[in-house]
Structures are given as structure tokens and as C-alpha cells.
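Hi everyone, thanks for coming.

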Amino acid sequence: MELNLDLNRNVPVLDWTPHLASRTEGMQSSAIRELLKLTQQPDVISFAGGLPAPEFFPLREIEEACRFIIRENGAQALQYSATEGYGPLKEYLATSMHKYGVPAMPCNVLPTNGSQQALDLVGKLFIDPDDYVLTGRPTYLAAIQVWNAYQARYHTMNLDDDGLVVSEIEHAYEKVLADSGRPPKFIYVLPNFHNPAGTTLPLERRLQLAETATKLDLTVVEDDPYGELRYEGEDVPPICTLIPERTIYLGTFSKTLSPGLRLGWIVCPEVLMERFVQAKQGSDLHTGTFVQYIANDVCQRGLLKPHVRRLRQVYKERRDTMLDALAEFWPDGCSWTRPQGGLFLWAKVPESMDTVEFLKDAVAQKVAYVPGVNFYPNQDGGHNAMRLNFSYCEPDLIVEGIHRLGTALKQVLGHSH
Ligand SMILES: Cc1ncc(COP(=O)(O)O)c(C=O)c1O
């Protein structure tokens, strides 16, 4: 039979809403994804995404790894593989956690499709409809997005210059218990170079958090995509080191190797691992075999460490460029964090301003950022804040973009310039 394909045929547009599960009501596409579309215009200076600098992707190292794998292990690398992950990579990851004092063994490690999948699996395993998650205010918005799909609620606590105010945890826990009759399911923390706030939780607060979590029998989800990207100061032990028995630690290669590989990992107690494996099996059977081989090859040949050392130099320079430009071009009444690492800083403009409104002015000047409200799970703050990424743009564009934003800010605030 000949198929008469008419691509111009008018296919009716149906309303799918009544057919969808009720949990989809809380699902929204991320504001950042929408913004990223905007920033794809070549002339926009984007401080919006969390993108690594593409000109520093380790192309040669990955090309060599691909050739080597195909030559030596092609058939295995292109085959289905175990949900638990590729043994040598698990071994490498477990050992690499030892330098932070995390007592991980390969049986505690599960490679995932980016740490975003790990966040999803946490939701799948822990969140019943209307369960509460404790987190900071602001917090990582894609975690909120993924847990909204499980109908989570959020009880938030303040952040100050040192990150989460951990002395608020106990009260937050009691409040959730009193209001909902159930304890919160876990606390979600970003101790290193917080996205979006740029803060780092000092050791004393980590110790206090560990003590409180133990007292309350509270699970800790520790999200650490940026820990390797420290530009100054000393490493602080992960919470996972302090209370490995109740911490689910999330790591990723996205910021050190490449986000397009989509490779992250979970470190958790062995007794919980079986559950994660079951949850993951239903989602995608396993993390891409080829991708695990590539990361393993790059790591085992010792290529990751020098690459990360180079990234630290590059991003430190970009951070400093942004900090200097802010000091030079932004009007009085603005403030910002000075992150010791990571990819973001958090800037505040005067209370009278609204950064959602101001985004129109910014985009008119061909500059993009993410408005602060997007990082507040209960939409109760951040109206005069914005997240600025400093890893993606080259230094001269950082200066230009911050200058343009400063000029637009002065106009709105009625300053002369
Ligand atoms: C705090 C945080 N968690 C998780 C992720 C997701 O990372 P991945 O690319 O590993 O999925 C990101 C990415 O920007 C992040 O900032």
C-alpha cells in the first residue's frame, strides 16, 4: 500500500488537561529553560543558565576515550548493562569520595543520569502527596520542579551569609509535624557554593545540622554539584562524612567534565541502595553504558584532575571579573554575595524594585539573569534578588553585561550616570 503523507493536513488540537493525572497540576516548565531559549539569540549576554564554559570542554580527552573504548571494549560499552552501574566507575567514585572523608564503597554508589535524575529518584522513593520537604529560602529550583511532580509541600528556612540557618531546623520540623501530623520527609541542603545563593555552610553549622538530624531522625539530601570548583579557602567536610548513615549525597560530572554526558551519582547507605536501584530500573533500566565508560576512562587515566585545576583558574578569574564589574558599575543600594566557588552569585537590588519587571529592561539591553522569586518554593521572597552566573561568558562580556545592567538599574532608580 502506498502511504499518502500530507504534512499540511490540519490535525485537530485536543485539550489534554482532563486526561492528565492530577499531579500534573503542580508541574511547570522551569523558568530557566524558558529563559535559556531567549539566551540562544547570539547577541544576548546570558548570566541566566548554569552553563559551564564550552570553550574549555575536554574535547581531545573525550575523543581519545571514545576511540579507546570502541577499540578495546566496544561491544560491552554499547550493550545494556546493570542498573547498579559500571563497576570500575563506581570504584573510582567511591575512592574519590575518600579524600573528603566519606567512607564510601562501590556498593554505596549509584551512577545516575545527571544528579537531576537522582533528585527525581529521591522524590519517587520518599515523597507521598502533601509530604513536606525542608529546605532553604532560596533553593535550587529544579529540585522543587521535580518534587512538585510528587505533590510535595515545602517548609523553608532562612539563609544568611553562611548559608542555611541550621538553628531553625528543629522549629521547622516541629511546625510541620504540628500542622500536617507527619514529620518532614527530608531536609534538602546545598552546603557548597549554594545554587543560587553562592554561600558555603561552615563546619560548625554542618556539625550542628548533623546533630539535629540525628536527634530528629531526619534524612539529609546533600546536593553537591560544585564542591570541586573551589577558588579560595579550605574544603569543608561534606555532611555525608558526619552522618553517612542518614545522608543521601548527590554528585555529578556536569560541572567538571560536561553536562551533555548526563552523568551523576548517588552515595547512600547500602540498605537504601536496593530501593534506589528498583526506582531507577523502572525509570531507565540503567545509566548509559557508553557514557559511564567514557567518564571512567577519563578519570582512570588521571585526566580529570588537571582539567578541574584549569577550570578553577578560569572560573576564579570570571568570578573576580564579575565582582569587580559589580563594584564599578552598579549603583548604591545593591549588594551581592562573594562565593568561594561554584558558578553563581546572588545579587540584591533596592527593595523598591522587582527583578521580574526589571528583566524586561535587561533583555532590552540584551542581558539575561534569573529573577530571585523563581528560587522561593512558596513564592514568598526574592522579589528584589537575581541569580548571576559567571562561568559561561568570557571576561570582556561579563564586564559589558554587568555594565549594561548597572546602567539600566541607574535609569530605573533615577540615578544620574
Ligand atoms: C544544585 C544543583 N543540583 C543538581 C543539578 C543538576 O545537575 P545535573 O546536570 O547533574 O543533572 C544542578 C545543575 O545545575 C544544580 O545546580
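**Around the ligand**

Let's start at the ligand: one of its nitrogen atoms has a polar side-chain atom of aspartate 223 at 2.6 Å. The protein covers 93% of the 390 Å² of accessible area that the ligand has on its own, by the Shrake-Rupley method with a 1.4 Å probe. Before going on, please note that this is a predicted model, where local features need pLDDT of at least 70, side-chain atom pairs count only at pLDDT 80 or more, and totals for chains, interfaces and linings use all residues. Residues are numbered from 1 along each chain as its sequence is written, and side-chain values use heavy atoms, leaving out hydrogens and water.

Stepping back, 13 residues surround the ligand, each with a heavy atom within 4 Å of it. The closest are Ser115, Asp223, Tyr226, Thr252 and Ser254. Which helix gives the most to this shell? That is α4, residues 114-126, with three residues; helices here are DSSP runs of H or I, at least four residues, numbered from the N terminus. By class, the shell has four nonpolar, six polar and three charged residues, with Tyr and Cys counted as nonpolar, Gly as polar, and Asp, Glu, Lys and Arg as charged.

Note on methods: A polar contact is a pair of N or O atoms within 3.5 Å; within protein, one must be able to donate a hydrogen and the other to accept it, and residues adjacent in sequence count only if both atoms are side-chain atoms. Helices (H or I, at least four residues) and strands (E, at least two) are DSSP runs, numbered from the N terminus.
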